[in-house]
Amino acid sequence: MARFWELLGALVVGLALGALVMPTGLFQERAETAGSEATETSAAAEPEFPSNAIVVTAADVEVTPPRTRIQSIGTGKAAQLVHLTADFSGTIEAIQVQPNSEVGAGDPIVTFERRTQQILLDSAKAELEKQDASFDRLQTLVAQNSAAVSQSQLDEARAALAVANAQLAEAQYEFDRRIVRAPFAGKINLNDLTIGSYVPQGSEIVTLVDASSLYVEFSVPETAIAQIQNGVPVRLTTPTLVGRVFEGTIVAFDSSIDEQFRTVGIRAQVRNPDNVLVPGMTFSVSLAQQESPLPRIPSVSILWDRNGAYVWRIDGSDAPQRIDVTLRHRLGDAVWVQADLQQGDRVVEDGAFKISQGSSVALDIKTSGNGQTDG
């Protein structure tokens, strides 16, 4: 019986040792195979570069005109605005308009009392009829070869008829101008007109505004004068109408530079068909500069040393070339430079600071900001 228990204990110990040995057998082999496959996959995903090369990315050079804009602040003015004044004294007899009403060119605005002018007009008409009849009678006698009419009498009658015509025209003018009319189509401003009120000579009657288009007057630095000419477009915004952009064009500008501020005054015109723009508004004016094309590169490509700014250009070889650049314009992450760079050249972008003269570089594959693949 003791022998039986010894054999059973030996069997249990043997089974336990076998279980411990098994992971280092088949299971271990499977684990090593999986590890080997993962290593091969990782090696295939990463590009192989020379051990002595500096890995960098590159961007294509584009030769385009710089996208720069001149910003300024301007004030809107009505294309046509007139303060109608009385060049005579008189009492208002009738008012044909109300504040903010629209009028057409020639429409009556205010009528002044004109009884005196009516009397003078009727008198001038009667005098004209008299002189006209006298001249006709003398002409008839002359045609009949009557010795009772001399040539001097006929000439005097002709002159008297001409004077009567002139007096009638003057009387008609004085009568008509007591009606103040709109010189152009527009809108009547706020006023205090009342029937029966007396208006002294030289006093303002109403203000008429034509805001179908506005002039926006602003100034730009003298450095931009080469870009200023009639017809150049401008973009206009106003804090009164947030989010809206209006298009205008330059219609006039100063022919000289302001000596104190070194600026040039400009007038732009903007259409206002829906009358949302009001004279006196403040405008932000944006004027695009038209310039010659220049190489455009990423700003991170530019490096500096005591000799100035430069970039590393990459051609067919693995040795980058230093190209000195002069910065001209900047917009966001793009910089326009003056340099020996052509359309399609490549400059180092990421990793430029690692390069020195004589370095060897390897180009990593990346998608540039232009949507192209570098490699």
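Predicted model: local features only at pLDDT ≥ 70, side-chain atom pairs only at ≥ 80, totals over all residues.
Now I would like to move to β11, and ask which strands it pairs with. With β4 the pairing is antiparallel and runs over ten bridges, and within it His 83 has Thr 207 of β11 as its bridge partner. With β14 the two strands again run antiparallel, joined by nine bridges, and here Pro 221 stands opposite Thr 263 in β14. There is also strand β9, residues 186-188, which pairs with β11 in the antiparallel sense over two bridges, with Ile 188 standing opposite Leu 208.

The largest nonpolar core has 25 residues, and the members that touch the most other members are Phe 218, Val 220, Val 234, Leu 236, Leu 277, Phe 283 and Leu 287. At least two residues of this core come from each of β4 (69-85), β11 (204-221), β12 (233-237), β13 (246-253), β14 (263-271) and β15 (282-288), and β11 supplies the largest share, which is six residues. If we take Leu 277 as an example and set aside residues up to four places away in sequence, Leu 277 touches Leu 214, Leu 241, Phe 246, Val 270, Arg 271, Asn 272 and Phe 283. Apart from this there is a second, separate core of 18 residues, which includes Phe 88, Ile 92, Val 103 and Val 110.

Is Thr 238 buried or exposed? Thr 238 counts as buried, because its relative accessible area is 5%, where the cut-off for buried is under 20%. Beyond residues up to four places away in sequence, Thr 238 touches Phe 246, Met 281, Thr 282 and Phe 283, and a polar atom of the Thr 238 side chain lies 3.0 Å from the backbone oxygen of Thr 282.

Finally, the helices. Helix α4, residues 151-176, has 26 residues and spans 38 Å from its first C-alpha to its last, close to the 38 Å expected at 1.5 Å a residue. Its buried residues are Leu 154, Ala 157, Leu 161, Ala 164, Leu 168, Ala 171 and Phe 175. An α-helix has 3.6 residues a turn, so residues three or four places apart point the same way. The cover over the buried residues of α4 includes α3, residues 115-143.

In α3 itself we find Leu 141, which counts as partly exposed because its relative accessibility is 28%. Leu 141 and Leu 154 are 13 residues apart in sequence and, C-alpha to C-alpha, 9.8 Å apart in space, while the contacts of Leu 141, not counting residues up to four places away in sequence, are with Ser 146 and Val 149.

How values were computed. Residues numbered from 1 in each chain as written. Heavy atoms only, no water. Core = buried A, V, L, I, M, F, W, Y, C linked by side-chain atoms within 4.5 Å. Buried < 20%, exposed > 50% of the residue type's maximum accessible area, 1.4 Å probe, protein only. Helix = DSSP H or I, 4+ residues; strand = E, 2+ residues; numbered from the N terminus. Contact = heavy atoms within 4.5 Å. Expected span 1.5 Å × (residues − 1). Polar contact = N/O pair within 3.5 Å; in protein donor to acceptor, adjacent residues only side chain to side chain. Pairing = 2+ DSSP bridges.
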